[in-house]
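Subject: Structure for you to look at

Hello,

Here is the structure I said I would pass on. My notes follow below it.

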Amino acid sequence: MLKKLYNKFLQYKNEKSLSYHIKRSIFLRTKWVYNFISPFTKVKKNKIVFSNFWGRGYGCNPKYIAQYIIEHNLPFKLYWLIDKQKCKNETYLPKEIKEVDINSFGALYHLSTAFVWIDNSRKFLYPPKKKSQLYIQTWHGNVGPKKIEKSAENNLEDWYKKNAKKDSQMIDLCISGSSHLTQIYKNDFWYSGQVLESGYPRTDILFNDTKIQNLKCELGYFDKKICIYAPTFRNNNSLKPYNLDYGKLKTSLESKFGGNWIIFLRFHPNMIDFININLPDFVVNVSQYSDVQELMAISDCMITDYSSIIFEFMLTKRPAFIYASDLNEYKKNERSFYFTLDSTPFSLAKDNNELSNNIINFNNIEYKKKIIAFSNKMHIFDDGKSSERIINWIEQKQIGR
């Protein structure tokens, strides 16, 4: 218990200043203003308000929906809720999107007048939605082994479950990239509304070769081979599971696939403030980079543990491996699984020697066969046109209201 409280204190200390908490407290206590002004504000059918992980910045599924709107010059007014305390780096938004402080009266006004809310996380501290408005929940995990929401409720705080149920009652549409996720919505999300099996917008970039090549040039890695290591977080903030031997990994990759390899280290956002480690010069800490999808798009190989991100990287058909040194402990203390890791297309290693052997013995033909079989089993819908389908749904709703 003391360790848990200490970790909470560290998170409070590192992530949020005193002024932030004062501002947030005042904001929450003045939300009654929203309920007063809401009946007098008019919903605008061309207005969309986006949020990504409670104001963390421009990313995930909401980003790629907004990007589609901008690229196709569609007649929508776009607003993005930003929490400056959570955005450690300078927040980049395209000029077509207006930034709104998530803890401001402006946020309340734009939420009350937007035709569509688009979010990838629960809306816990938001005002109630009007009947004339639409709330699209994109979520942030598609195919993945970790149980969530109702299936993991023993690991969830009571306040979370209470507010998650309220949130689900407001949702008008959940988007899904697989039949696996569709079933999770139906069984575990306290949700009985419409599910659009559109694919995941954030995977659209993985099908766009032109964007991928442009990114490689922009980021300066066009002449390197890249392995991205992107493990998920641990509730106890332990660093022990992240004991990857980077030197051994680099040697194995170069021996098997040739070329000059570098490693991208991408910690989960929940872990960034707890990790300060020295790295070899061939390892680049990209944990602060705003868009992990862009990093995946230019990577030639991926390593993770229990993150669903590997099942999106799988769409590229490039090599991917699971490194899970704390598998038994994780299942016991963190999350149970919807399916076992050895039922996936990816080889499983519990130590560095095993991971090296899995890389050296990698069989690309067999790997691609496993990808096809697994994709068919999960009925994965991603094909590069996910954002288009969601915009079509919104446009149809505009006509009907």
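How many of the six residues of strand β4 (residues 114–119) are buried? Six of its six residues are, so strand β4 is mostly covered; buried means under 20% relative accessible area, exposed over 50% and partly exposed in between, with a 1.4 Å probe and protein chains only. Strands (E, at least two residues) and helices (H or I, at least four) are DSSP runs, numbered from the N terminus.

This is a predicted model, in which local features need pLDDT of at least 70 and side-chain atom pairs count only at pLDDT 80 or more, while totals for chains, interfaces and linings use all residues. Residues are numbered from 1 along each chain as its sequence is written, and side-chain values use heavy atoms, with hydrogens and water left out.

Two strands pair if DSSP finds at least two bridges between them. Strand β4 runs parallel to β1 (residues 44–51), joined by five bridges, and Lys 44 stands opposite Ala 114. Four bridges join β4 to β5 (residues 134–137), also in parallel; here Ile 118 faces Ile 136 and Asp 119 faces Gln 137.

In β5, Leu 134 and Ile 136 point one way, Tyr 135 and Gln 137 the other, and all are buried. Two bridges connect β5 with the parallel strand β6 (residues 173–175), where Leu 173 is opposite Ile 136. Helix α6 (residues 158–170) carries the chain from β5 to β6 in a right-handed β-α-β crossover: with the strands pointing away from the viewer, the path from the first strand over the helix to the second runs clockwise.

Regards
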